[in-house]
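The entries follow the structure.

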Amino acid sequence: MTDLSIFNIFSYILLALSSLIVASIVKNRFKIAMFRLGVILNFVYIMAIIILQEKIMHHLGLISILYGISNGIYYFPYNLFVINKVDNKNRIEFMVKSKIVSSTIGILCPIVLGSVITITNYELTAIIIAIISVTQILLSFLLKTEKDTQLSKFNLKRTWKSLCNNQQIKKMCIVEFFIGMNVSNGALEVLMTILIFNSFKTDMNLGIISSITTILTIIFVNIYGKRYKNKNDNKIIILPSILPVISLLLLLICRNNVTLILYNFCYVIFTALLTLTREIRLFNLADSSVVDRENQTEFFSGREFILNLGRVTGYLMLLLAGVTGNQIVLNIVMILLTLSILIMGLNIRKIKKFEQ
């Protein structure tokens with residue numbers, strides 16, 4: 001817990017800083033080239049893990065640098081693609097299908113890779129992941145280079161001074177901070193994996209549980225996509241915001257494998273729905289009159305900073321639990337991180353869908 005917290009704190013500080021640098025470069029040009037560089041750096045990150053193997057604990061600084069920078073360079077251009085290539089009318093359909101595709105892969109990978117690690121060895125798993133990474137690099141070269149845009153120079157301070165006057169932007173900032181703490185590669189996500197692994201002992205069991213929750217997630221996401229495509233979805237946000245808190249209380253009152261799995265199911269499934277509704281609102285907001293095309297790059301660089309601030313805050317809390325080694329401190333951290341899901345959900349409801 002301590003090592004993972006330190007690793008992620010440094011990684012997401014670097015991700016925030018690298019995103020700011022990338023934003024200043026890609027506003028008018030080099031979006032595809034920068035995205036491709038991010039894919040290549042991700043391959044370097046994977047190869048570093050393969051080469052270091054058991055020695056990785058002695059090189060967490062190097063790995064965190066590679067992870068933070070590669071993700072910053074990869075995801076920032078990607079987010080701009082999603083804004084500009086998909087209009088708001090088709091955003092829900094795109095996001096739902098994207099979620100289903102990634103979740104379907106998420107069913108297979110935990111079982112396959114978990115089984116490989118348990119039955120054979122780490123090296124074979126690393127080779128499989130390396131092959132996937134090389135395939136990503138080859139596919140990235142099929143993307144056509146975009147024409148340079150004629151936008152104003154990157155100016156983060158000026159843009160955010162204007163944007164912060166809008167209540168929708170303020171609510172979105174709150175959502176991004178808390179989702180950084182609990183869901184989007186946040187501390188609660190890592191803590192959940194640690195708890196499941198410690199209770200069920202093997203990578204294979206972890207993979208099976210992850211795959212079952214992913215299947216359920218696909219079902220719920222598909223229902224959301226069909227039922228709320230052109231409807232008000234505020235009602236569906238309330239329940240996913242509350243149920244993880246209730247399941248945590250059950251876990252704290254009666255700690256066993258059943259209540260742990262229930263908490264895990266509520267966390268994974270319902271935060272997936274909250275994340276989906278948040279992504280739809282986030283990208284729609286970025287492609288609305290509130291944030292015009294002139295300010296999209298600055299908007300996402302500021303949003304990236306807030307998101308990673310939430311991640312660092314969450315991992316500082318997890319670090320405290322790891323350093324103290326105290327169950328009471330860990331329980332308090334779990335309560336605070338889970339309550340952040342409720343706060344996040346309540347603020348998502350206050351953000352308009354901007355469907356047109």
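I counted 14 aromatic pairs, taking rings of Phe, Tyr and Trp (its six-membered ring) as paired if their centres lie within 6.5 Å, with planes under 30 degrees apart called stacked, over 60 edge-to-face and the rest tilted. I looked up Tyr45 and Tyr67, a tilted pair at 5.3 Å centre to centre and 55 degrees between the planes. Tyr45 lies in helix α2 (residues 31–52) and Tyr67 in helix α3 (residues 60–85), so the pair ties together parts 22 residues apart in sequence; helices are DSSP runs of H or I, at least four residues, numbered from the N terminus. Both Tyr45 and Tyr67 are buried, meaning under 20% relative accessible area with a 1.4 Å probe, protein chains only; exposed is over 50%, partly exposed in between. Ring pairs join Tyr45 and Tyr67 with Phe7, Tyr12 and Tyr315 in a cluster.

The model is predicted: local features need pLDDT of at least 70, side-chain atom pairs count only at pLDDT 80 or more, and totals for chains, interfaces and linings use all residues. Residues are numbered from 1 along each chain as its sequence is written, and side-chain values use heavy atoms, without hydrogens and water.

I then checked Tyr74 and Tyr75, an edge-to-face pair at 4.7 Å centre to centre and 80 degrees between the planes. Which of these is buried, and which partly exposed? Tyr74 is buried at 18% relative accessible area, while Tyr75 is partly exposed at 39%.

How values were computed
Helix = DSSP H or I, 4+ residues; strand = E, 2+ residues; numbered from the N terminus.
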